[in-house]
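I set out to record what I looked up in this structure, entry by entry. The notes are kept in the order in which I made them.

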Amino acid sequence: MKNGLVMDERIENKGETIGLIGGTGHLGRGLALRWAKKHKVIIGSRDEEKAKRVAQEVTEKAIKEGLSISTIEGKSNDKTIEFSDVVVFCVDFEPALELLKTLKEKFSGGKIVISPVVNLKKRDNYFLPDLKGGKPSAVVIKENLPQEVHVVSALHTLPAGKLYSADPLPGYSVIVYGEGKAKEVVISLLREIEGIGVFDGGTLEVSFFSEYVTALLLNLARINKLKDLSLKIY
Ligand SMILES: NC(=O)c1ccc[n+]([C@@H]2O[C@H](COP(=O)([O-])OP(=O)(O)OC[C@H]3O[C@@H](n4cnc5c(N)ncnc54)[C@H](OP(=O)(O)O)[C@@H]3O)[C@@H](O)[C@H]2O)c1
């Protein structure tokens with residue numbers, strides 16, 4: 001009940017603080033730049049000094065690109081979780097599970113977690129999803145979080161190289177998996193990013209579809225010597 005109430009308030013005032021675990025990397029920088037237009041963003045890192053440095057770099061890029069933004073702060077991953085309403089795992093699968101061993105208890109009070117995680121392996125030079133026990137990465141992440149945390153999976157096919165820019169994206173499609181109010185909050189956050197179409201893809205359990213599509217896009221990029229391929233659904 002309490003968690004439901006907190007999320008209703010979030011939907012109404014759209015004042016979420018968004019925390020990016022491992023936000024110092026490719027995806028984190030892009031999300032910080034895009035979401036700081038409306039939200040306070042915290043870039044997280046294992047190394048707080050690095051987080052502060054990257055937060056400053058992203059802020060300077062926003063100013064240079066003429067964007068009007070809220071604050072972008074840098075903090076350790078644990079403080080990032082503590083001070084955020086919505087937390088994005090901007091790290092690979094194994095690091096995510098490693099971080100959860102020590103950070104799990106920081107996820108209290110019905111926070112929303114977004115998993116963009118795609119776990120890939122290579123076979124015969126092709127990328128393939130590496131689904132642990134046949135489960136999508138987001139489901140495994142959910143199993144390693146406290147029960148009251150709401151996990152939503154999204155962003156898998158959005159290329160970070162195109163995200164870290166002030167330019168509107170060219171109509172890429174993003175598919176969102178999860179349930180209830182948490183999925184609604186994430187869909188509305190994603191709709192704030194100019195130039196993407198957002199689709200409800202169903203429950204977390206079928207988010208492996210987007211992990212497979214990501215593998216396909218990476219294989220197509222390699223074979224055809226292209227980069228930053230994405231998905232557009234008409
Ligand atoms: N790149 C894309 O285009 C893209 C698109 C969609 C989804 N994704 C998914 O988003 C996630 C992040 O991708 P990315 O390309 O942004 O990753 P990345 O740039 O390679 O790394 C992100 C951050 O992970 C942290 N990290 C690295 N090794 C770690 C470890 N052993 N333990 C804890 N943290 C570690 C680092 O942060 P610190 O050193 O500061 O701690 C690093 O800056 C992945 O799961 C990927 O599948 C990526």
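This is a predicted model: local features need pLDDT of at least 70, side-chain atom pairs count only at pLDDT 80 or more; totals for chains, interfaces and linings use all residues.

The entries below go through strands, helices, loops and the surroundings of the ligand.

**Entry 1. Strand β2 and its partners.** I began with strand β2, residues 40–45. I found 5 of its 6 residues buried, so the strand is largely enclosed by the rest of the structure. I then looked up its pairing. Strand β1 (residues 17–21) pairs with β2 in the parallel sense, over 4 bridges. Within this pair, I located I42 of β2 as the bridge partner of G19. β2 also pairs with β3, again in the parallel sense, over 5 bridges. Here G44 stands opposite K75 in β3.

Entry 2. β1, α2 and β2 form a β-α-β unit, which is right-handed. β2, α3 and β3 likewise make a right-handed β-α-β unit.

**Entry 3. The pair β9 and β10.** I next turned to strand β9 (residues 172–177) and strand β10 (residues 196–202), which pair in the parallel sense over 6 bridges. I identified F199 in β10 as the residue opposite I175. From β9 the chain passes through helix α8 (residues 180–191) to β10, and I recorded this β-α-β crossover as right-handed.

**Entry 4. Helix α8.** I checked the length of α8 first. Its 12 residues, at 1.5 Å a residue, should span 16 Å, and the end C-alpha atoms are 17 Å apart, which agrees. Which residues of α8 are buried? I listed A182, K183, V185, V186, L189 and L190. Viewed down the axis of α8, the buried residues fall within an arc of 160 degrees, so they line one face of the helix. On the other side of α8, G180 and R191 are exposed.

**Entry 5. G180.** Why does G180 count as exposed? I found 11 other C-beta atoms within 10 Å of G180, and a residue is exposed if that number is 12 or fewer. G180 and T203 are 23 residues apart in sequence, while their C-alpha atoms are 9.7 Å apart in space.

**Entry 6. The loop between β6 and β7.** I examined D124, in the loop between β6 (120–123) and β7 (126–129). Phi of D124 is near 50 degrees, a positive value in a residue other than glycine. D124 has 5 C-beta neighbours inside 10 Å and therefore counts as exposed. N125 is found in the loop between β6 and β7 too. Its phi is near 75 degrees, also a positive value in a residue other than glycine. I recorded N125 as exposed, with 8 other C-beta atoms within 10 Å.

**Entry 7. L67.** I placed L67 in the loop between α3 (48–64) and β3 (72–76). With 14 C-beta neighbours inside 10 Å, L67 counts as partly exposed. L67 and R34 lie 33 residues apart in sequence and 9.4 Å apart in space, C-alpha to C-alpha.

Entry 8. Which residues come nearest to the ligand? Of the 24 residues around the ligand, I noted G22, G25, S45, P95 and A160 as the nearest. The elements that give two or more residues to this shell are α2 (26–35) and α5 (93–103). I divided the shell residues into 12 nonpolar, 7 polar and 5 charged.

Notes. Residues are numbered from 1 along each chain as its sequence is written. A residue is near a molecule or strand if its C-beta atom, placed from the backbone, lies within 6 Å of it. Ala, Val, Leu, Ile, Met, Phe, Trp, Tyr, Cys and Pro count as nonpolar, Asp, Glu, Lys and Arg as charged, and the others, Gly among them, as polar. Two strands pair if DSSP finds at least two bridges between them. A crossover is right-handed if, with the strands pointing away from the viewer, the path from the first strand over the helix to the second runs clockwise. The expected span of a helix is 1.5 Å times one less than its number of residues. A residue is buried if 20 or more other C-beta atoms lie within 10 Å of its own, exposed if 12 or fewer, and partly exposed in between; C-beta atoms are placed from the backbone. The arc is that of the directions from the helix axis to the C-beta atoms.
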